[in-house]
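Here is a short tour of one protein chain, written for someone who likes to check things against the coordinates. Please keep the structure open beside the text as you read.

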Amino acid sequence: MADWNLCEADNRVENMILQNDICNVNISIDTTYTVESTDNKPYDLVINPKHLRHSDMYKVFAVQINLYSKTISIALIGDFYSYDKDCAVLEDKILTILLNDAIVQLKINDGTMINFKEFDCFGCNYGIYRVQNGYIVYGEMEITMLDFDFNKKWSFSGKDIFVSMSDKKPFELCENSIKLYDFEENFYEIDFSGKLISEV
């Protein structure tokens, strides 16, 4: 298995933008925020579900909720290995955010946290996606299925990490299956029950 770790090597800085009829949400990483400091950029809410301290490794998501009539700015403090590219799902008045091995749900109308749950996994996680029976989490070493209460239903691992150095997509969510390439260019296709359909 490759020892190259995307969690450490990937320095992408990309905002995630979500929108529905109620609001527009912009999620980015605030690299200037320091836990327990009085000199931080002001936020309407600071949410720190794991109660991380200044001495811990952490990452801060700047969550901007534009309700058109008002804007709510939130500093969401989570695991250092959290990524903002595909980190959230917006459904009606609920915003679901992936913080590596944990899920946070916020109420859109006031930004308050209504749910927080951690789940077991190997390696770090890059993205969360809504599917018919719950949520699919794309991880470095596992593809994980969570139900609507964020209980782990199944996980799938390949021969290596789900990262590609070529132009092949390491993770592709299709209508009836999930297509994957690992670091060694092995191909897998699984269904939404976590069963292997094909492997090359």
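This is a predicted model: local features need pLDDT of at least 70, side-chain atom pairs count only at pLDDT 80 or more; totals for chains, interfaces and linings use all residues.

One pairing can be followed residue by residue. Strand 12 (residues 143–146) runs antiparallel to strand 13, and four bridges join the two. In this pairing, Ile 143 stands opposite Phe 156 of strand 13.

## Two nonpolar cores

The largest nonpolar core has 22 residues, and those that touch the most other members are Val 25, Ile 27, Val 63, Ile 65, Leu 95 and Ile 97. At least two residues of this core come from each of strand 1 (16–19), strand 2 (24–29), strand 4 (58–66), strand 5 (71–79), strand 6 (88–91), strand 7 (94–98) and strand 8 (102–107). Another core, of 19 residues, lies apart from it and includes Met 145, Trp 154, Phe 156 and Phe 171.

If neighbours within four places in sequence are set aside, Val 63 is in contact with Val 25, Asn 26, Ile 27, Ile 72, Ser 73, Ile 74, Leu 76, Leu 95 and Ile 97.

## Cysteines without a disulfide

How many disulfides does the count come to? The answer is zero. A pair of cysteine sulfur atoms would have to be within 2.5 Å to be counted. For Cys 87, the closest cysteine sulfur belongs to Cys 23 and is 14 Å away, so the two are too far apart for a bond. Cys 121 has its closest cysteine sulfur in Cys 124, but at 8.5 Å that is also too far for a bond.

Cys 87 counts as buried, because its relative accessibility is 0%. Cys 121, at 23% relative accessibility, counts as partly exposed.

## Salt bridges

There are nine salt bridges in the structure. One of them brings together the side chains of Asp 101 and Lys 50, at 3.0 Å from N to O. Asp 101 sits in the loop between strand 7 and strand 8, while Lys 50 sits in the loop between strand 3 (45–47) and strand 4, so this pair ties together parts that are 51 residues apart in sequence. Lys 50 is partly exposed, with 25% relative accessible area. A network of salt bridges links Lys 50, Asp 101 and Glu 118.

Two further pairs are worth a look. Lys 85 forms a salt bridge with Asp 86, with the closest N and O atoms 3.6 Å apart. Lys 85 is partly exposed at 36% relative accessible area, and Asp 86 also counts as partly exposed, at 24%. Lys 107 forms a salt bridge with Asp 110, and here the closest N and O atoms are 3.9 Å apart. Lys 107 has a relative accessible area of 30% and is partly exposed, while Asp 110 counts as partly exposed at 29%.

Key: Residues are numbered from 1 along each chain as its sequence is written. Side-chain values use heavy atoms; hydrogens and water are left out. Two strands pair if DSSP finds at least two bridges between them. A nonpolar core is a set of buried Ala, Val, Leu, Ile, Met, Phe, Trp, Tyr and Cys residues joined through side-chain atoms within 4.5 Å. Buried means under 20% relative accessible area, exposed over 50%, partly exposed in between (1.4 Å probe, protein chains only). Contact means heavy atoms within 4.5 Å. A salt bridge is a side-chain nitrogen of Lys or Arg within 4 Å of a carboxyl oxygen of Asp or Glu.
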